[in-house]
Amino acid sequence: MTHKTFINICLTLIALCWTMAIQAQRATVDGINYNLNSDKTAEVTKSNVTGDIVIPEKITVDGVEYSVTSIGGWAFNSCSSLTSVNMPSATSIGKGAFFRCDALTSVKMPSVTSIGGSAFVDCSRLTSVDMPSVTSIGDQAFIGCSRLTSVDMPLVTSIGGYAFRRCPIRKLYLPSSLTGICNYCFTNTIEITLAATTPIQFFQDSSIGSLMKYVVIRVPESAVDDYRTAAGWSNYKDQIFSMSDIIDYDVTVTAQEKKSGLLNVLGQDNLSKVVSLKVTGTVNGYDIMIIRNKMPNLHHLDLTDATILANDYEYDTGYHTEDNIIGNIMFANLGKLVSVKLPKNATRIGLSAFSGCTNLVEIVLPVKLESIGGSAFNFCKGVLK
């Protein structure tokens, strides 16, 4: 046997042993595939699963016990019949792990600290996510989770770009542990509370526009001025309020002949703070003008027990109020409106009355309604879908 032949045989044996070692590092337990590591930990790898599953804390393979600590990249990618996941011991979720699992409704991950980019992209039925230990969320992690309305992440320190884009999370609390946020993390959120007393870093991609222009931002009272002057945040200074500020108003109004009864009740200094407004009593053109033009942060309007009275004052050029009528363009282009309850005794909704209310997702119509004018809800995608 030549020296060269001997070396070739040795290399072949080494390669064979290496292949066998690699193969020995993989296992399937109860239909879930794992990579087994030398430190007695296991990572979930590409698996085809259905229904409600529980990722075990430990698995035993050939008499050896392994702790399941991670969900690997693309592990459950496009498992279209996976409905819920409970992973009590896993501490990390890899990139794309649940990508387009469009039947997935709930995820419990009490020990997970990091979620990789694109982990839950387009999980369109996901409504519940339990992640009390998460500190890091990757780019686009939950993008397109169109039924995810709330999240609680008390220990989070970093949130990637577009992480919750197209998620209808209306109210959000972000803890003091968070070190930075970008203007395109939460594209559907309308109220954000920041616990940090020192302004956190703000990243803004100017190329995609001002996606936070509809957001009410609440911060500790001692930090209001600092946030309003901080880099990035100063662009939204008129939307920044103290946690202690009253933003929900329930008022009784009497329509006035030459001025706004609503303004008298609320006071000039409070108009910009009104986020939710419930009105009882009578209103006219003066009051409609105040609602249209002087409440830049109004998100919720309840006129159920209000009565609209005729008045010659023009709430917009050429338009004035009539008895029990939601007039033409009366609430048009109020882009921050999310919900509206109309007067129960109103009989007609005029032309383009809510046209351009692009964030409107809920409207309660009058019980006596007789007609709706053309283009009344034009561009109100949330109402018309």
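The model is predicted, so to speak of local features a pLDDT of at least 70 is needed, side-chain atom pairs count only at pLDDT 80 or more, and totals for chains, interfaces and linings use all residues. Residues are numbered from 1 along each chain as its sequence is written, and side-chain values use heavy atoms, with hydrogens and water left out.

**Cysteines**

- The structure holds zero disulfides, a disulfide being a pair of cysteine sulfur atoms within 2.5 Å.
- For Cys 123, the closest cysteine sulfur belongs to Cys 145 and lies 5.0 Å away, which is too far for a bond.
- Cys 380 is in no disulfide either, as its nearest cysteine sulfur, in Cys 357, is 5.0 Å away.
- Cys 123 is buried, at a relative accessible area of 0%; buried means under 20%, exposed over 50% and partly exposed in between, using a 1.4 Å probe and protein chains only.
- Cys 380 is also buried, with 0% relative accessibility.

**The sheet**

- Four strands line up as β14-β16-β18-β19 in an open sheet with parallel pairing; strands are DSSP runs of E with at least two residues, numbered from the N terminus, and two of them pair if DSSP finds at least two bridges between them.
- At the edges sit β14 (171-174) and β19 (240-242), each pairing on one side only.
- On average, neighbouring strands of this sheet are turned by 25 degrees against each other, direction ignored; the axes are lines fitted to C-alpha atoms, and angles run from 0 to 180 degrees between N-to-C directions.

**Where β18 meets β19**

- Strand β18 (residues 216-219) runs parallel to β19 and is joined to β19 by three bridges.
- Ile 217 has Ile 240 of β19 as its bridge partner.
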